[in-house]
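Please go through this note with the model open beside you. The points can be checked one at a time.

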Amino acid sequence: MTLARQLRALPSWVLPLTLGVLLVGAPWLGVSSDTRRLLLLTCILALLASGLNLSFGYAGELALGQVAMYATGAYLAGYLAMHWVNDLVLLLLVAAAAALAVGLVSGIPGLRLGGWSLAMTSFFLVLLVPQLLDLLEHYTGGAVGMVGIPRARLLGAELSSLDMYVVVTVVTVGWFAVMRNLITSRHGVAFQVLRESPILASSLGISVYRMKLTAYAISAIPAGIAGALFAFVDKYLAPHSFGFTLAVTVLAASILGGARSVYGPLVGAAVMQYGPLRSTEFEQYAQVVYGAFLILAGTLVANGLAGLANRAVARLSARWRPAPDTAAPPEATPVGPEPGRPALPTLSGARLAVTDVRKRFGGLQALRGVTLTAEPGQITALIGPNGSGKTTLLNVICGYYRIDSGTIHLGDTDITGRGTHDVARAGIARTFQTPLFPEHVTVREAVAAGAYASRYVGMPAAILRLPRYRRAAAADRAEVDNVLRLVGAAGLADATAASLPLGTRRLLEVARALVARPRVLLLDEVASGLDEDEIERLADLIRAIRAAGTTVILVEHNFRLVLDLADVIHVLAQGELIASGTASEIENHPRVLSEYLGVRQEVRP
Amino acid sequence: MTPIWSGLSIGAVYALIALGYNVVFIAYTTFNFAHAQLTMFAIFVTYWGLVVAELPVALIFVVAAVGVGLIALVEEFVAIRPVRGAHAHLVTTLGMATLLDGTTRLIWGDQALKVPAVGSGATFTLLGGRISVPEVVLILSVVGITVAMTVYSRRSLTGLALLAMAEDREAALLRGINVRRLALGAFVFTGVLAGLTGPLVGPKTFAVSTLAAALALKGFVALAIGGFGSLPGALLGGFVVGLVESLTGRWLGSQLPTVMVFVVLLLILMLKPTGLFGTTRERMV
């Protein structure tokens, strides 16, 4: 038990690194040359599958193009080594760059339409590989294959096959370290947000298109490198090594190991290489087996072997230490502001001005020339019957809908017609009627995602764990702790966000929006479904946010809460503003009474 | 003129595949990777019926329609129904496609098999180009099928229910539409359609186990050109792809057609990603 606890206390990179060192050192541990070759092929397949994991498992785009990038890397490295320059470092760089170019060229159009077009474009690309190789027969050797690739040289020294093994394994370990650093950074959470809810991602300032393209393009790099390495392993390249079967093999390895995992591809690739790929008879039945496997894995297995392993570890550690720190159910933790609540940092609000905005959906005129302004340090409430255009107006402000006419200004900046992620970056944060939280993400990660775009740290910094990244991560941690204390959810930092009760999730959405340090905060029916106590706490929180200086826009059905909080109230009905004014003016406004409230008891019980 | 006729007739095949994609798209807002495999299977069944078993023509149509319809039924139950989400479906239907490819290869091998025409196979000159009777029948049938399906989807209650379902599944459910059964019906229909048209397509494409992959891609390009969910768009897109392919082959050399089709796909996605008849639906929060 003590041993187990000590094991759990080790940093998460210790075990993989140890295994990596063992992998590199395998030849000196008495591994036969057959096994060595299998390990080598496993590494190459794992590199391919790992790239697929990034684009499919994390960014949510099924892209089979890795094979095309792999072929590009392989043939380019082979050709250059034969005719131009034979230096492995240089060739690996060239192969990675060329693969990246292939990824961009096929990814840019493929991602334009969304949905399945990247899958199909990349699938098409894979089927083109043999034809293109044939077309470039002069360089590639066509159907005969590329013969006569020399041994690779590294800094002038020729590499023996043992050296080559070491190079391949070291590169593989290096790539998995890159992948691990990327996925465990805030970018990893951003990918998960992207996969599960593009709507949420863009409201956090993430450009869905660019982020998916980035994932797909990065996934090209290991594929290109794997290709270059493969060229020197057999010193012979033939078109049939780069066919559709390989694409399916990579997909199978990825799904088997766990598409949403860092190390899964290594396990998946090892199983594939040790199992089916070793038997020569397998080729005949390969398609049938892969097909059946994909159907089975797609319907039954959640996140492959990595998912199974994670669940097993979670269960074991729960058994080993039924300690109070994990066993306390989330419900038992008091949610709500604690005494001595931390202060919000000063937020510089900006004036939001909506001028004569019109929006029509087919035959429905949802907004008929709405004009309103919201001032910093004030709460501007937007009320109206269902279907009056409140949420449409919010969506228009956020850039989810393109307006037919009118303008929207944030401070002095015209944000009319800008994309959602652009609007978010300009400083508008929001909550949703149905709180959006990706599955499997902790409260801390989910809330920290609010800072992803507003205080962006690039992927290279995250991968290399530069001081800049470490500083940002520490600052994030402090700020998230602070905001969580503010909304009274400090005890829940490590709980899974999506599993919490509705009221808590609403408060967490506010927390996430606050972490972005918004200039304008849009709250969409943030009180609905909350009980009296929770509403009381929420009201306190909103007042604190107003005091911090942000412009708050509150869309709400709870009339009493609105009267209580709002400095200015606008009433919408059928897409038009019918009244604007302070709480007391609105409360007694005849049109509001007749068109919106109708039932008087709601106001004066 | 001959390349144009030949482009139109192979284009009709792509249009058929795109129509199949579209029906599944309307019914499930998802993509059935394996639809081209259904058509390929129907072609092999035709070959078997005509050459091996020597069945009467009418029976071949029945066998192909029932057989492929059953495969579609099985696919719906194992690959579509148990999973949710378009990307999950991509994996399972890709699995189904691979499974069918492999099965076809195990049964019929790798060689291209010539499929005789079900009726007359004669060729004649039309407007200065050579065209065969099966090609004419193929083009006319596909145009007819598209028109019939378009009219049906706009006029009949079932068609309207399908469109309602594509628009908003839950609202359709609340209107008393049996969404599951209707969707299943649509899915099986794509199988039956593939089965019925297999004997028409076979003489044009031959029966070969790599056929489906090529058809799947070009059908997808046809769909991308016409726009997701548009039946006339699928027809037009199919013809465009067929013509691009056949004219490229005629004027630029035999290695380039597929590359050219890929270029067309990239261009369409860059310039008009919604296709010619597609519409963008605004996102809801």
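The points below go from the whole of chain A to its parts, and then to chain B.

1. This is a predicted model, and what follows should be read with that in mind. Chain A contains 27 helices and 14 strands. Its C-alpha atoms fill a box of roughly 90 × 60 × 45 Å along the principal axes. Of the 605 residues in chain A, 49% are buried. Taking contacts in chain A between residues at least 6 apart in sequence, 76% join residues at least 24 apart.

2. Chain A is assigned domain 1 (34-312) and domain 2 (352-427 + 518-602). Note that domain 2 is written as two segments. The C-alpha centres of these two domains of chain A are 48 Å apart. Their contact takes 6 residues from domain 1 and 5 residues from domain 2. On the domain 1 side, the touching residues are 2 nonpolar, 4 polar and no charged.

3. The largest nonpolar core has 293 residues. Those with the most contacts inside the core are A:Ile44, A:Val67, A:Ala511, A:Leu554 and B:Ala15. Helix H1 (residues 2-28) of chain B gives the most to this core, namely 18 residues. Domain 1 and domain 2 of chain A both give residues to the core, so the core lies between them.

4. A:Val67 is worth a look as one of the residues with the most contacts inside that core. Which residues does A:Val67 touch, leaving aside its neighbours within four places in sequence? A:Val67 is in contact with A:Val126, A:Val129, A:Phe242, A:Leu246, A:Ala247 and A:Val250.

5. In chain A, 6 strands form an open sheet with mixed pairing, in the order S10-S11-S12-S7-S13-S14. Strand S10 (428-430) and strand S14 (576-581) are at the edges with a single partner strand each, so each has one side without a neighbour in the sheet. On average, neighbouring strands are turned by 20 degrees against each other, direction ignored.

6. A:Arg430 stands opposite A:Leu522 in S11(A). Helix H24 (residues 532-548) of chain A lies across strand S7 (379-383), S11 and strand S12 (551-555). The helix runs at about 150 degrees to S12(A).

7. Turning to the interface, 37 residues of chain B are in contact with 39 residues of chain A. Helix H3 (57-80), helix H4 (86-108), helix H9 (211-226) and helix H11 (257-271) of chain B each supply at least two residues of the chain B side. H4(B) gives the most, with 16 residues. By class, the chain B side has 25 nonpolar, 8 polar and 4 charged residues.

8. Two backbone angles in chain B deserve a check. Most residues other than glycine have a negative phi. B:Leu127 is not a glycine, yet has a positive phi of about 50 degrees. B:Leu127 is in the loop between strand S1 (123-126) and strand S2 (129-132) of chain B. B:Leu127 has 8 C-beta neighbours inside 10 Å and therefore counts as exposed, since the limit for exposed is 12 or fewer.

9. B:Phe206, also not a glycine, has a positive phi of about 70 degrees. B:Phe206 is in the loop between helix H8 (179-205) and H9 of chain B. Is B:Phe206 exposed or only partly exposed? With 15 other C-beta atoms within 10 Å, B:Phe206 is partly exposed.

Conventions. Residues are numbered from 1 along each chain as its sequence is written. Chains are lettered from A and ligands numbered from 1 in the order in which they are written. This is a predicted model: local features need pLDDT of at least 70, side-chain atom pairs count only at pLDDT 80 or more; totals for chains, interfaces and linings use all residues. A nonpolar core is a set of buried Ala, Val, Leu, Ile, Met, Phe, Trp, Tyr and Cys residues joined through C-beta atoms within 7 Å. A residue is buried if 20 or more other C-beta atoms lie within 10 Å of its own, exposed if 12 or fewer, and partly exposed in between; C-beta atoms are placed from the backbone. Helices (H or I, at least four residues) and strands (E, at least two) are DSSP runs, numbered from the N terminus. Domain bounds come from an automatic or database domain assignment. Two residues are in contact if their C-beta atoms, placed from the backbone, lie within 7 Å. Two strands pair if DSSP finds at least two bridges between them. Axes are lines fitted to C-alpha atoms, for helices over the stretch in contact, and angles run from 0 to 180 degrees between N-to-C directions. Ala, Val, Leu, Ile, Met, Phe, Trp, Tyr, Cys and Pro count as nonpolar, Asp, Glu, Lys and Arg as charged, and the others, Gly among them, as polar.
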